[in-house]
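Here is a short briefing for a reader new to this structure. Please look over the sequence and the model, then go through the points by topic.

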Amino acid sequence: MARIAFIGLGNMGGGMAANLAKKGHDVRAFDLSADALDKAKTAGCLPVASAAEAADGAEAIVTMLPAGKHVAEVYDALFGVAPASAILIDCSTIDVATAKQVAEAAQAKGLVAVDAPVSGGIGAANAGTLTFMVGGSAEAFDRAQPILADMGKAVIHAGANGAGQAAKICNNMILGATMIATCEAFVLAEKLGLDAQAFYDIASVSSGQSWSMTTYAPLPGIGPDTPADHDYQGGFATALMLKDLRLAMAAAKDVGADTPMGAKAAERYEAFAAAGQGNLDFSAIIRTLRD
Ligand code: NAD
């Protein structure tokens, strides 16, 4: 069992840190929120007063923070305190450029870092069934793997530093676009007089099948239990989908990739969020097509 610093105990990090403690690790937890620290204590972690205190003597330092600027700030606070033998594992979803920069900065300080963003929401974070996509050297991956395995169901090496974030935003660009395409198809089917259940039964075993169709059907009463069955509460907020699509669009611009479907999807979620619907699950985008 390892001594692990866990920084960022929000919706995702809270459950992830709790799972590490449950597996018997000695987890030193830090967050700016006193409430999050209290919850971590109840979950078996030791709350501490700063990121540096959490990192002192740690074998691994896991971060789960909102965006790249938070990760860069926290890493600055860790440098000089984190033992040279520690591995830095950033599970936040951040831009590829910052992921590479912080890994280089860590390397310059003699530390090894990986980016390890996740697929799976709060439910998977609590249940310990996340998928991790890891960017870093093969040696760094081997060191991070057992710790990530204690919080997830799959840990996959994507490539060098930044490749984990690249995989995450490419995956979510598919998700954002296929959800809109799936919603469009349900709305067109409805207008053509096709029964929604009959369409689901056909498309979910035909070439229109996708995760958005089969696992996350955007209409209430169709397919498995999804946010659509709960008035689009819970699930994966539109604001978070928009965050990931903005990261994908920025990355596409940086490297000159043509992503017209991703750009259109980003535009639609942007408008939906601007209309005050950012807290609804992203499948609620179907409302903009039906109304
Ligand atoms: P969140 O806002 O609930 O949690 C972030 C936590 O970081 C907060 O508790 C905040 O107080 C803390 N924090 C911010 N700055 C800090 C600092 N300097 N030091 C210590 N703590 C600090 O966000 P979340 O939903 O847990 O998401 C975390 C990351 O995971 C994001 O990058 C998000 O994009 C990604 N993600 C979220 C989901 C999801 O469904 N929520 C799914 C996949 C990936």
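Predicted model: local features only at pLDDT ≥ 70, side-chain atom pairs only at ≥ 80, totals over all residues.

Residues are numbered from 1 along each chain as its sequence is written. The domain assignment gives domain 1 (3-160) and domain 2 (166-290). A ligand is surrounded by 27 residues.

**Domains**

- Domain bounds come from an automatic or database domain assignment.
- The centres of domain 1 and domain 2, taken over C-alpha atoms, are 29 Å apart.
- Domain 1 puts 9 residues into the contact, and domain 2 puts in 11 residues. Two residues are in contact if their C-beta atoms, placed from the backbone, lie within 7 Å.
- The side of domain 1 that touches domain 2 has 5 nonpolar, 3 polar and 1 charged residues. Here Ala, Val, Leu, Ile, Met, Phe, Trp, Tyr, Cys and Pro count as nonpolar, Asp, Glu, Lys and Arg as charged, and the others, Gly among them, as polar.

**Ligand shell**

- Of the 27 residues around the ligand, the closest are Gly10, Asn11, Met12, Thr93 and Gly121. A residue is near a molecule if its C-beta atom, placed from the backbone, lies within 6 Å of it.
- By class, the shell holds 15 nonpolar, 9 polar and 3 charged residues.
- Domain 1 and domain 2 each give the shell at least three residues.
- Helix 4 and helix 11 each supply at least two residues of the shell. Helix 4 gives the most, with 3 residues. Helices (H or I, at least four residues) and strands (E, at least two) are DSSP runs, numbered from the N terminus.

**Strand 5 and its partners**

- Strand 4 (residues 60-63) pairs with strand 5 in the parallel sense over 4 bridges. Two strands pair if DSSP finds at least two bridges between them.
- Leucine 88 of strand 5 is the bridge partner of isoleucine 61.
- Strand 4, helix 4 (residues 68-78) and strand 5 form a right-handed β-α-β unit. Right-handed means that, with the strands pointing away from the viewer, the path from the first strand over the helix to the second runs clockwise.
- Strand 5 also runs parallel to strand 6 (residues 112-115), joined by 4 bridges. There, leucine 88 stands opposite alanine 113.
- The chain goes from strand 5 through helix 5 (residues 96-108) to strand 6 in a right-handed β-α-β crossover.
- In strand 5 (residues 87-90), Ile87 and Ile89 point one way, Leu88 and Asp90 point the other way, and all are buried. A residue is buried if 20 or more other C-beta atoms lie within 10 Å of its own, exposed if 12 or fewer, and partly exposed in between, with C-beta atoms placed from the backbone.

**Helix 1**

- Helix 1 (residues 13-22) is mostly covered, with 9 of its 10 residues buried.
- Its buried residues pack against strand 1 (3-7), strand 2 (26-30), helix 2 (34-42) and helix 6 (122-127).
- Glycine 24 follows helix 1 and has a positive phi, near 100 degrees.

- Most residues other than glycine have a negative phi.
- Aspartate 231 has a positive phi of about 55 degrees. Tyrosine 232 also has a positive phi, near 65 degrees.
- Aspartate 231 lies in the loop between helix 10 (211-214) and helix 11 (238-255). Tyrosine 232 lies in the loop between helix 10 and helix 11.
- Aspartate 231 counts as exposed because it has 11 other C-beta atoms within 10 Å. Tyrosine 232 counts as buried because it has 23.

**Two buried residues**

- Phenylalanine 282 sits in the loop between helix 12 (260-277) and helix 13 (286-290). It is buried, with 33 other C-beta atoms within 10 Å.
- Not counting residues up to four places away in sequence, phenylalanine 282 touches Met179, Phe236, Thr238, Met241 and Tyr269.
- Alanine 248 is in helix 11. It is buried, with 27 C-beta neighbours inside 10 Å.
- Leaving aside neighbours within four places in sequence, alanine 248 contacts residues including Ile169, Cys170 and Thr259.
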